[in-house]
Amino acid sequence: MTLVTSLFNIAVGVFVAVLFFFNFDIQNKNLLIYVLTPLVVLGLVYNLLLARPLIRKREFLAKYLQFFFVVAEAAVVVYFTGGTTSIWYPVFLILIMAGSVLGFSAFFINAGLVAVLYVGDILASLATSEQQLNVSSFPSTIAAVIFAGLIAYTTEKYIHSEKPEQKVTADLESSKMTERLMLGSIADPVVGINSDRKIILMNEPAQELTGWDMHDALNLDYDQVFKLRDQNDKELNEANDPFSYVLENHRPVSSDKLTLLSRDKKRSALFISVGPTSDNEGQPTGAIAILRDISEQKALARERNEFISTASHEMRTPVAAIEGYISMAQNPNLAQIDERAKGFLDKAHGSAIHLGKLFQDLLSVSKIEDKNIKDRRAVFNISDLVLKVSAEMKILAQQKGIQLFTHISGADIKSEKVIAPTYLVNADESRIAEVLTNLIDNAIKYTDEGNVDVEIEADQSFVTIKIHDTGVGISEQDQKHLFEKFYRVDSELTREKGGTGLGLYIARNLVEMYGGSVWVESSPQKGSTFAFKLPLVKM
Amino acid sequence: MAKILLVEDDISLRDVYFARLQAEGFELAVASNGEEALAMAVKERPDLIVLDIMMPRISGFDVLDIVRTTPEIAHTKVIMMTALGSPTDKERGEKLGVDKYLVKSQVTLEDVVTTIKKVLEAPAGGSKEPVVGKPEQANAPQQTPPPAPQQPQGPAPQNPQAQ
C-alpha cells in the first residue's frame, strides 16, 4: 500500500512539475511565479519524502515547514484561478482539510492541488484572458493564503498530532492493564524495585508471601519488606544479596538458598530469580524479582534424605549380621558345606558386601544433595594423604596380582625414603580420602594385568592427582556420562564387578565442593586415567 | 587367651560375633545394653570391649566415657562397632578415646576379627593417650585393616606409611 501511495505521489509530483513548465509564461514575468514555482516543487518533495517520518518523530519544525509549503500551494492556486473569490479556492481548502483529517495530507494535498491547478487553469484560460492577480485585493489574498495554511496546520494538529499523544496514553493505559493483568495472573510472587531500592510494584502473591499490603510496602526499601536470610539465618550483606548484585552488575541472578521472614515472622524457603530492568535507552532502572515458596519441596527433599539416611543406618545392622552368618558358613573351621553351597555363599557374600557399600554411597549422596555435609575444611598436605591411601590400597592390588606405584613429581616411593613435596589443600581430608580410595579402587577393579600408577603433580595454583590403569578402558560415549548419578557402563564386565553407580558421582561432587574438578581420559582396551585437581593453598 | 566383652543389642549380630570370636579361642562375655555392659566390664575386667553405640538407655558413647573415667577399667581397649558412619560420630568416639572405630556393613566379619586381633596386639600403653591426644592420627580414612596380624609388635596401626 505504501509503495503504491509513494509511486502515485511521485507521479503526481512529476505531473505538477510538467504543469508548471507549460504554465510558465516567459512574457508574463510575475515575480510570484519565480518564487512560487520552486516552493511548490520543494513542498512536493518535502511532503512526499520527508514530512511523515519527521512528523512521526515529533519534530515540530517539520510541522511549520509543512504549513509553509501549504501556504505556497494556496498562493499558486489563488494565482492561477484568478483570486480568492474563485470557486477553486474553497475546493482547495476542502481538499487539504479532507486530506489532513484523513491523515493522508501529502497525498491529498498533492492530488487536490493538481486537480485544482489543472481544471482551474483550463477553465480560467477559456473563460477569461485575464490571468493577472488583482493588485487591489492583495491583502485579502495574503490573508486567504495564510488561512489555507492555517486550516491545514490546525486540522493536522488537532486531529493527527493529538492522535499520537492519545495513542501513547492509550498504549500506556493498556500496557498498565496488561502489566496488572500479567502480574495478577502470575501465581508466584513478583516484586519490582527501582534503582533506589524502593518497591514500585508487588503482585497479590507477593503481598501474601510477605504479609505486607501493596500500599504500605510501596516506596519502602525492599529489604524492609523482603526480609531475606541466608543459609545460616543471617541477614544478607552486599555480597550475597541478589538484589544488590543485580542493581550493581545489571545481570540476572537466581538462588534457592535463601529464606524469607514474613511480617508475622513466618519463614519460607525461597527460590528467587532477579533480573535487571532498563528504560528505552537501555539505562538501568531497577530490578524485577520472581520468588517462589519452595518450603514444601525443601521439606520433602529433607524428608526423603532423612528417610534414606535412617533406612541406610537401620539396615546396616541386619546386613552386617547377614554378612557375618554367610562369612561363618564359608569358614571351614566353623561349618561344613559342599562345593556347590560354597559357590552360592560366595555370591551371597559378595552381594551382602555390595549392599553395605550401597548404603554408604546412598548416605553420601543424600548428604551431598542435601548440602548437608558439614564443611569440615582444614588445610592438609595432600601428598601425605595420597601416600597413605595408596599404601593401603597396595594390599588390594597385590591380592589381584597387579602393581600399584605412586609417583610424586617424578619420584618413586618404592625406594625407602622419599621426601614428598608438600602440597597444601583446603578440604575435608576424610572426604578427599574417600575420593582417592574410590578412584584407586576402580582402577584396581578394572585392571586384570599390568599396573596402576598414582601420580601427583602441581602447577602454580592446582595440585593434580592422576590414577592411570592398564585396564579395559572406557568408550568415548560412556566417558561423557561416567560422573552422572547411577550411571553404569553397561557390559558383562561391570555386572560382574559390581558397583553402585554412585562412586564417581560422589567423587565429582566432593571435588567440586572444594573448588576442584575431576575428569577421565581413556581409550578402550588400553586403559584409563582418572584425575582430579584441587586448588593449592598459597603458603 | 584374651577376654573380650561383646556389647551389642542386636541378637543376630551378637550371635555372629560370639560364634566367630569363640572360634578364634577368645574368652567371651556378652551384654545387650549399656548398663549391663558397664556392670560386666567392672566384673569381668575384659582386655577389649567391642561396643555398639545405638543401644537402649545408655549409649555406647556414654559407656566409653564412663569406662575411660573409671580408674580400674580405664585402660581397657575399646573397638566401636556401629551403624553410625558419619565423620562427626567417628570424631566423637575418637575424642572419647576409642581404639578403633568400625562401621557396620562397611567391614566384613573377617575384617572385624583382624582388627580385634590387631588392637589386642598393640602395646597396651600406646593405644589410649595418643588416641586421645592426637585424634587426627587415628583418623585413618579407611577401615581396611592391613593384613599380617601375626607380626607381634608389628607396625602401629595408625602408621600405614610404614608398609
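This is a predicted model: local features need pLDDT of at least 70, side-chain atom pairs count only at pLDDT 80 or more; totals for chains, interfaces and linings use all residues.

Student: Which residue does A:R292 form a salt bridge with?

Tutor: A:D188. The closest N and O atoms of the two are 2.7 Å apart.

Student: How many salt bridges does the structure hold over all chains?

Tutor: There are 19. Another one joins the side chains of A:K198 and A:D221, at 2.9 Å from N to O. A:K198 lies in the loop between β1 and β2 (199-202) of chain A, and A:D221 in the loop between α8 (214-217) and α9 (222-225), so parts 23 residues apart are tied together.

Student: How accessible is A:K198? And A:D221?

Tutor: A:K198 is partly exposed, at 30% relative accessible area. A:D221 is partly exposed too, at 25%.

Student: Chain B now. Which side chain does B:K104 meet in a salt bridge?

Tutor: The side chain of B:E8, at 3.2 Å from N to O. This pair links distant parts of the chain, 96 residues apart. B:K104 is in the loop between β5 (100-103) and α5 (109-121), and B:E8 in the loop between β1 (3-7) and α1 (11-23).

Student: Are B:K104 and B:E8 buried or exposed?

Tutor: Both are buried. Chain B also has a salt-bridge network, which links B:K3, B:E27, B:K43 and B:E44.

Student: Why would such side chains pair at all?

Tutor: Opposite charges can pair when the charged atoms come close.

Student: OK, switching to folds. How many helices and strands does chain B have?

Tutor: Seven helices and five strands. From the N terminus, the order is β-α-β-α-β-α-β-α-β-α-α-α.

Student: What share of chain B counts as buried?

Tutor: Of its 163 residues, 54%. Chain B exposes about 7000 Å², and carbon and sulfur atoms supply 52% of that.

Student: What about contacts in chain B between residues 24 or more positions apart?

Tutor: They make up 64% of the contacts with a separation of 6 or more.

Student: Which residues cover the faces of β3 in chain B?

Tutor: B:L48 and B:V50 lie on one side of the strand, B:I49 and B:L51 on the other. All of them are buried, and both faces of this strand (residues 48-51) are covered.

Student: How do β1(B) and β3(B) pair, parallel or antiparallel?

Tutor: Parallel, over four bridges. B:V7 has B:L51 as its bridge partner in β3(B). Four bridges also join β3(B) to β4(B), residues 77-82, and these two run parallel. There, B:I49 partners B:V78. Between β3(B) and β4(B) the chain crosses through helix α3, residues 60-69, and this β-α-β crossover is right-handed.

Student: Give me a residue in α3 of chain B.

Tutor: B:L64 is in that helix. B:L64 is buried, at 0% relative accessible area.

Student: What is B:L64 in contact with, leaving aside neighbours within four places in sequence?

Tutor: B:L51, B:V78, B:M80, B:G93, B:L96, B:G97 and B:V98. Two of those have come up already: B:L51 is in β3(B), and B:V78 is in β4(B).

Student: Back to chain A. What is the strand order in the open sheet?

Tutor: β2-β1-β6-β5-β4-β3, six strands with antiparallel pairing. The edge strands are β2 and β3 (227-229), each pairing on one side only. Twist averages 35° from one strand to the next.

Student: How many bridges between β1(A) and β2(A)?

Tutor: Three, in the antiparallel sense. A:V191 stands opposite A:M202 in β2(A).

Student: Which strands does helix α10 of chain A touch?

Tutor: Helix α10 (residues 242-249) packs on the sheet and touches β1, β3, β4, β5 and β6. Its direction makes about 10° with that of β5(A). Helix α11 (residues 295-330) packs on the sheet as well, touching β4, β5 and β6, and makes about 130° with β5(A).

Note on methods. Residues are numbered from 1 along each chain as its sequence is written. Chains are lettered from A and ligands numbered from 1 in the order in which they are written. Side-chain values use heavy atoms; hydrogens and water are left out. A salt bridge is a side-chain nitrogen of Lys or Arg within 4 Å of a carboxyl oxygen of Asp or Glu. Buried means under 20% relative accessible area, exposed over 50%, partly exposed in between (1.4 Å probe, protein chains only). Contact means heavy atoms within 4.5 Å. Accessible areas come from the Shrake-Rupley method with a 1.4 Å probe; for residues, only the protein chains shown count as cover. Two strands pair if DSSP finds at least two bridges between them. A crossover is right-handed if, with the strands pointing away from the viewer, the path from the first strand over the helix to the second runs clockwise. Axes are lines fitted to C-alpha atoms, for helices over the stretch in contact, and angles run from 0 to 180 degrees between N-to-C directions.
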